[in-house]
Amino acid sequence: MRRAIIAGNWKMNKTPSEAKSLIDHIKPLVADANCEVVVCPPFVCLPAAKTVLENSNIKLGAQNMHWEESGAYTGEVSAPMLKEIGVEYVIIGHSERRQYFAETDDTVNKKVISAFSHELIPIVCVGETLEQREAGKTENVVKMQVEKGLSGLKVDEVRRLIVAYEPIWAIGTGRNATPSDANYVIKFIRDIITGLYGNVADEVRIQYGGSVNAQNAAEILAMPDIDGALVGGASLKAQDFATIVRSC
Ligand code: PGA
């Protein structure tokens with residue numbers, strides 16, 4: 001049985017003191033959650049967030065990392081740095097990273113391998129553009145992203161993996177995929193992972209992301225193949241995020 005996981009992707013929002021305050025608001029509202037809860041603030045907020053997350057059921061995630069452990073990569077942050085401050089999850093290959101920072105399936109793959117080798121759990125994002133969907137290419141695009149992004153993993157790593165299916169046209173647009181369309185692609189993703197790694201694919205948690213909010217979460221999360229949500233905008237409002245968590 002896969003345990004649902006709701007992760008908040010704060011993107012480039014909140015200063016460290018604002019992050020503390022938002023987490024303080026979220027904490028009591030999700031204390032009795034029966035799913036896993038993760039918040040992913042910006043890098044500079046992670047240490048402050050960690051201090052307020054002590055003794056809570058909320059885990060800490062980062063929004064990106066470099067695949068090397070250290071070196072001449074100005075402006076980058078590595079897995080050992082995240083690990084040392086208590087980060088457990090890391091979003092990899094978000095479409096905004098792919099679109100604005102030239103991330104590719106190849107760099108996604110390097111990051112996923114590095115994350116696992118430092119005992120971080122990657123939340124690997126895949127999803128098609130509107131143009132690709134309208135051209136009937138959703139399955140091809142997602143298949144390629146999954147095959148390339150997840151190549152070379154050990155079965156034991158696949159077991160811990162989290163994938164987020166985020167159709168790009170649904171991110172931040174208020175236009176979410178229908179629950180059945182999202183479920184269809186998520187089941188398709190699981191079938192690809194089964195083809196790559198066998199039955200361990202049944203243990204991989206696959207989230208939906210893209211305009212998930214307090215109103216539509218219950219319907220999306222009720223779908224049989226959807227194991228949680230990666231939430232952007234609505235994760236910045238304590239009440240809305242808590243409603244989504246409680247919809248599990
Ligand atoms: P959104 O973002 O919920 O604001 O659409 C989701 C995401 O980018 O992960």
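# Burial, pairing and cores in a predicted barrel

Trainee: Tyr 100 lies in helix H4 (residues 95-100). What makes Tyr 100 count as exposed?

Mentor: Exposed means over 50% relative accessible area, buried under 20%, and partly exposed in between, with a 1.4 Å probe and protein chains only. Tyr 100 has 55% relative accessibility, so it counts as exposed.

Trainee: What kind of model and numbering is this?

Mentor: The model is predicted, with local features needing pLDDT of at least 70 and side-chain atom pairs pLDDT 80 or more, while totals for chains, interfaces and linings use all residues. Residues are numbered from 1 along each chain as its sequence is written, and side-chain values use heavy atoms, leaving out hydrogens and water.

Trainee: Why is Lys 11 called partly exposed?

Mentor: The relative accessible area of Lys 11 is 21%, so it is partly exposed. Lys 11 is in the loop between S1 and H1, and its phi is near 55°, a positive value in a residue other than glycine. Helices (H or I, at least four residues) and strands (E, at least two) are DSSP runs numbered from the N terminus.

Trainee: Is Ser 211 buried or exposed?

Mentor: Ser 211 has a relative accessible area of 15%, so it is buried. Ser 211 is not a glycine either, yet has a positive phi of about 60°; it sits in the loop between S7 and H10.

Trainee: Why is S5 described as largely enclosed?

Mentor: Six of the six residues of S5 are buried, so the rest of the structure largely encloses this strand. From S5, Ile 121, Ile 123 and Cys 125 point one way, while Pro 122, Val 124 and Val 126 point the other way.

Trainee: What makes S5 and S6 a pair?

Mentor: Two strands pair if DSSP finds at least two bridges between them. Strand S5 (residues 121-126) and S6 have four bridges, in the parallel sense. Among the bridge partners are Ile 123 with Ile 162 in S6, and Val 126 with Tyr 165 in S6. On its other pairing, S5 is joined by four bridges to strand S4 (residues 89-92), running parallel; there Ile 91 has Ile 123 as its bridge partner, and Val 90 stands opposite Pro 122.

Trainee: How many strands does the closed barrel have?

Mentor: The closed barrel has eight strands, in the order S1-S2-S3-S4-S5-S6-S7-S8, with parallel pairing. On average, neighbouring strands of this sheet are turned by 25° against each other, direction ignored.

Trainee: Which elements make a right-handed β-α-β unit?

Mentor: S6, helix H9 (residues 179-197) and S7 make one. The term applies if, with the strands pointing away from the viewer, the path from the first strand over the helix to the second runs clockwise. S6 and strand S7 (residues 205-209) also pair in the parallel sense over four bridges, with Ala 164 opposite Gln 207 in S7.

Trainee: How many residues does the largest nonpolar core have?

Mentor: The largest nonpolar core has 70 residues, and those with the most contacts inside it are Ile 6, Val 39, Leu 82, Val 163, Ile 189, Ile 193 and Tyr 208. H9 gives the most to this core, with eight residues. A second, separate core has twelve residues, including Ala 7, Ile 121, Ile 123 and Ile 162. Such a core is a set of buried Ala, Val, Leu, Ile, Met, Phe, Trp, Tyr and Cys residues joined through side-chain atoms within 4.5 Å.

Trainee: What does Ile 193 touch, not counting residues up to four places away in sequence?

Mentor: Ile 193 touches Val 146, Leu 150, Val 158, Val 163, Gly 198, Ala 201 and Val 204, where contact means heavy atoms within 4.5 Å.

Trainee: Why do the buried residues of H11 line one face of the helix?

Mentor: In helix H11 (residues 238-246), the buried residues are Ala 238, Phe 241, Ala 242, Ile 244 and Val 245. Seen down the axis of H11, they fall within an arc of 160°, so they line one face. The arc is that of the directions from the helix axis to the C-beta atoms. Their cover includes strand S1 (5-9), helix H1 (16-30), strand S2 (36-40), helix H10 (217-221) and strand S8 (228-231).

Notes
Axes are lines fitted to C-alpha atoms, for helices over the stretch in contact, and angles run from 0 to 180 degrees between N-to-C directions.
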